[in-house]
Structures are given as C-alpha cells and as structure tokens.
Amino acid sequence: MDQYKMVKDKLDELNIKFKIVEHPPALTTEEADKFIEGHEGVRTKSMFLTDRKKRNFYLVILDDYKRLDMDLFKDIVCEKKVKMASKNSLMEKMKLPAGTVSPFGLLNNEEHDIKFYMDKEISDQEIMTFHPNTNEKTLFIKTKDLYKFLDNIGYEVNIIEL
C-alpha cells in the first residue's frame, strides 16, 4: 500500500482532521521549511536512534531548530551510547527511506519495539508538522490529534526535557 495513503486512511478512520502541503522532495527540515512558509505549526525534526548493539530503538521529536544532546538523551533512556540508526534499520523497523522519518512510520513497526519521545518544549504547541511517510508532502496536525493517533496504534508518548 502507498505509504501516504496508509497514513491518510488511519487519520480518516480516527476522524482526525489534517492539512497537507504538497511540494518537491525535501530531504532536510530546512528544505521542507521553504515549501511550508506562511503555514501555522511547529516545524519538527524526527530522529530515529538506537543503542550501540541495535537492541533498543527510539523515535525522538523536537523543534527543527534544536540540536539533540545525545549525552543527555542516553542518560534519560539509561543507555551507554545512542546514535542515529542506520538506513537499513530504518527500512527494517519503519519500512521508510531516509528523509521521511516521522511518528507515522510507527504504523509500519511490526515488532512494536520503538519507544517514542517528544521534547517538552513543543509538547503543548497547537499544531505540528511532519512528513506523512513521504518527503513530497508535509502534514499539519493538531498535537492533541497526534497523541490520539499514537495512543490508537499503541504507543506511549514520553515527554522529556531535551
């Protein structure tokens, strides 16, 4: 099934309203920002991380202007080391290519073994933006509806200070 259609169908099933902006492929948040200028919503960065032995996986969401302090995050999740997960791990766990990571990729996490974390700084913003499993669109969703989506597919939202 088309990755975007899967996201759209799930949001429709949950009666979640969202807005889509279509644009040329955007591999970075900076590129995507240019295409969605003037639209309301926090520009997010989604980072797919793993521990040294690739046993634990984490999806971390933060404001796209912010850098993730890997040492702080590893302490929060009680790991000796965390790093960006490989393209192979991303494809294996979320069935997504690089440049399309977002909470919607959790729809494809068959093992249900990715832990979800969000920076407290953006957790109460009204609207957030994500690629809906394709980098040719940006999806605008109310934060409360993102939480509803995550709860429906069985993911706990861990809000942390980054």
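Guide: Rings of Phe, Tyr and Trp, the last by its six-membered ring, pair if their centres lie within 6.5 Å; planes under 30 degrees apart count as stacked, over 60 as edge-to-face and the rest as tilted. The model is predicted, and by this rule it holds six aromatic pairs. One of them joins F48 and F57: the ring centres are 5.6 Å apart and the planes meet at 15°, so the pair is stacked. The cut-off for buried is under 20% relative accessible area. F48 has a relative accessibility of 4%, so F48 counts as buried. F57 is buried too, with a relative accessible area of 4%.

A tilted pair is formed by F104 and F149, with 5.1 Å from centre to centre and 55° between the planes. F104 lies in the loop between α4 (87-94) and β5 (114-119), while F149 belongs to helix α5 (residues 143-152), so this pair ties together parts that are 45 residues apart in sequence. With a relative accessibility of 0%, F104 counts as buried. F149 is likewise buried, its relative accessible area being 0%.

Ring pairs also link Y58, F73 and Y117 into a cluster.

Charged side chains meet rings as well. K19 lies over the face of F140, 4.9 Å from the ring centre. Over the ring of Y4 sits the charged end of K137, at 5.0 Å from the centre of that ring.

Note on methods: Residues are numbered from 1 along each chain as its sequence is written. This is a predicted model: local features need pLDDT of at least 70, side-chain atom pairs count only at pLDDT 80 or more; totals for chains, interfaces and linings use all residues. Side-chain values use heavy atoms; hydrogens and water are left out. Buried means under 20% relative accessible area, exposed over 50%, partly exposed in between (1.4 Å probe, protein chains only). Helices (H or I, at least four residues) and strands (E, at least two) are DSSP runs, numbered from the N terminus. A charge sits over a ring if NZ of Lys or CZ of Arg is within 6 Å of the ring centre and within 35 degrees of the ring normal.
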